[in-house]
Amino acid sequence: MNKTKKIVIIAIIAVLLTAVLYFIILHPRIKTYLSTVAIYEEFGGNRDIGEPIIEYDHSNVTDESLVLTDFGTFRLGIPSDWEDRSKEDSEFTTYCTIGAANAVGKELEPNEEIMVFNPAGNDNSSIVLLNNEELYEESGFSDADIRHLTRGFEKLGYEMPDSAYATLKCAHSITPDDYNFLKYDESLAFTYALVFRAGSLYYSNGNTAKTYYYETDNKCAIINEQYRPDYDGKYHFKMEVYDADDLNTGYIFTMTVTDKETAYAIINSLTFDD
C-alpha cells in the first residue's frame, strides 16, 4: 500500500471517529447545554436559580384559637378574627380579617390579612414525564433518554420523580453544581428539573424568600415564604399541599399575614380526611 492510500485511509478513519465522537458523545451534551442555557433565560438571562429547598422546621407552631373548619377534602384552622369573603361564583375560597373592606382583590391595609385557596385541588399528574405520553413525545425523549434521565437523578442523589410533588421537590432541590458538561446523565436530569424550577410559583431568590418542603404521614407541601419589608412589611406565603395518599393532586394556597407564626400555625393545622 503506497503512502497516498495510507494517508487517505487514515483521513477517512479520522473523519469517522470524529463523527462518532460528535454524535455519540458531544451532540447529546451540546443539546442539553443549549436547552439549559435557554431555560436560564427564563431566570432573566443569568444562572442564578436561587437557593435550594430546605426542610420545613416550624411544625411545632400551634394556635389553639384557630377554628378548625371542614372544607370537604381537608380540614383547616382559620383564625377567629378572619371571615369568609368568598365570591359565590368563584372556585377559590377567601378568608380575610374581619372588616377588611379592601382585602379582596385590592391592596391590603396595614393590619389586614388574607388567605385564598382552592379546596377542590388541581390534577397535576401531567407534569410527571413517565405518566404523560404526550409530554413524553413533546419532550423528544426516547427509551434510552429515560434510562439516562433515571440514572442521572440517582447519581445526583434524587429519585426519578414519579409524582407531581416529587417533581416539584426535585426541581427546587437542584443546584448549579448538578450540571456538568462532561457528565451527561446528571446534566440531563438537571436540565429536565430546571424546567419546573423556571416556571415555579415557589422560586426562592435567597434574599427575603425561602422555599421549604414539608412532609408528614398525612401531607406533603412545597412552601415559599417571603418577607416584603420594602413593600408592605408583611409575610407572603405561596404553597402547594398534597395528601400523602395522592401526590398528584395539589391544593394551592396564598397567604399574606403580619405575623409569620400565624401562617405556620395554619399550615400545621391542615389535615386530610382519612
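The paragraphs that follow go from the whole chain to single residues.

This is a predicted model, in which local features need pLDDT of at least 70, side-chain atom pairs count only at pLDDT 80 or more, and totals for chains, interfaces and linings use all residues. Residues are numbered from 1 along each chain as its sequence is written, and side-chain values use heavy atoms, with hydrogens and water left out.

The protein chain contains 6 helices and 12 strands, where helices (H or I, at least four residues) and strands (E, at least two) are DSSP runs numbered from the N terminus. Of its 274 residues, 44% are buried; buried here means under 20% relative accessible area, exposed means over 50%, and partly exposed is in between, with a 1.4 Å probe and protein chains only. The accessible surface of the protein chain comes to about 14,900 Å², and 51% of this belongs to carbon and sulfur atoms; such areas come from the Shrake-Rupley method with a 1.4 Å probe, and for residues only the protein chains shown count as cover. Among contacts between residues at least 6 apart in sequence, 57% join residues at least 24 apart, a contact being heavy atoms within 4.5 Å.

The largest nonpolar core has 30 residues, of which Phe-74, Leu-76, Met-115, Ile-223, Phe-237 and Phe-253 touch the most other members. A nonpolar core is a set of buried Ala, Val, Leu, Ile, Met, Phe, Trp, Tyr and Cys residues joined through side-chain atoms within 4.5 Å. Two or more residues of this core come from each of β3 (74-78), β6 (114-117), β8 (209-215), β9 (219-228), β10 (234-243), β11 (246-257) and α6 (260-269), and α6 gives the most, with 5 residues. A second, separate core of 25 residues includes Phe-153, Ala-171, Tyr-179 and Phe-190.

Two residues can be followed through their contacts. Not counting residues up to four places away in sequence, Met-115 touches Leu-76, Ile-78, Trp-82, Thr-93, Thr-94, Tyr-95, Phe-253, Thr-254, Met-255 and Ile-266. Phe-117 lies in strand β6 and, at 0% relative accessibility, counts as buried. Leaving aside neighbours within four places in sequence, Phe-117 is in contact with Phe-71, Phe-74, Leu-76, Glu-91, Phe-92, Thr-93, Tyr-95, Ile-252 and Phe-253. The C-alpha atoms of Phe-117 and Ile-252 are separated by 5.6 Å, although these residues are 135 apart along the chain.

Which helices are covered by the rest of the structure? In α5, 14 of the 15 residues are buried, so this helix is largely enclosed by the rest of the structure. The 15 residues of α5 (residues 184-198) should span 21 Å at 1.5 Å a residue, and the end C-alpha atoms are 21 Å apart, which agrees; the expected span is 1.5 Å times one less than the number of residues in the helix. Helix α4 is mostly covered as well, with 8 of its 10 residues buried, namely Ala-164, Tyr-165, Thr-167, Leu-168, Cys-170, Ala-171, His-172 and Ser-173. What covers these buried residues of α4 includes α3, α5, β8, β9, β10 and β11.

Side chains of opposite charge can pair when their charged atoms come close. The structure holds 4 salt bridges, each defined as a side-chain nitrogen of Lys or Arg within 4 Å of a carboxyl oxygen of Asp or Glu. One of them joins Arg-151 and Asp-185 (3.2 Å, N to O); because Arg-151 lies in helix α3 (residues 143-156) and Asp-185 in helix α5, the pair ties together parts that are 34 residues apart in sequence. Arg-151 is partly exposed, with a relative accessible area of 35%, whereas Asp-185 is buried, at 7%. Arg-151, Lys-155 and Asp-185 are linked in a network of salt bridges.

Another salt bridge joins Glu-215 and Lys-169 (2.9 Å, N to O), and this pair links distant parts of the chain, 46 residues apart, with Glu-215 in strand β8 and Lys-169 in helix α4 (residues 164-173). Glu-215 is partly exposed at 39% relative accessible area, and Lys-169 is partly exposed at 23%. The side chains of Glu-83 and Arg-85 also meet in a salt bridge (3.8 Å, N to O); Glu-83, at 27%, is partly exposed, and Arg-85, at 28%, is partly exposed too.
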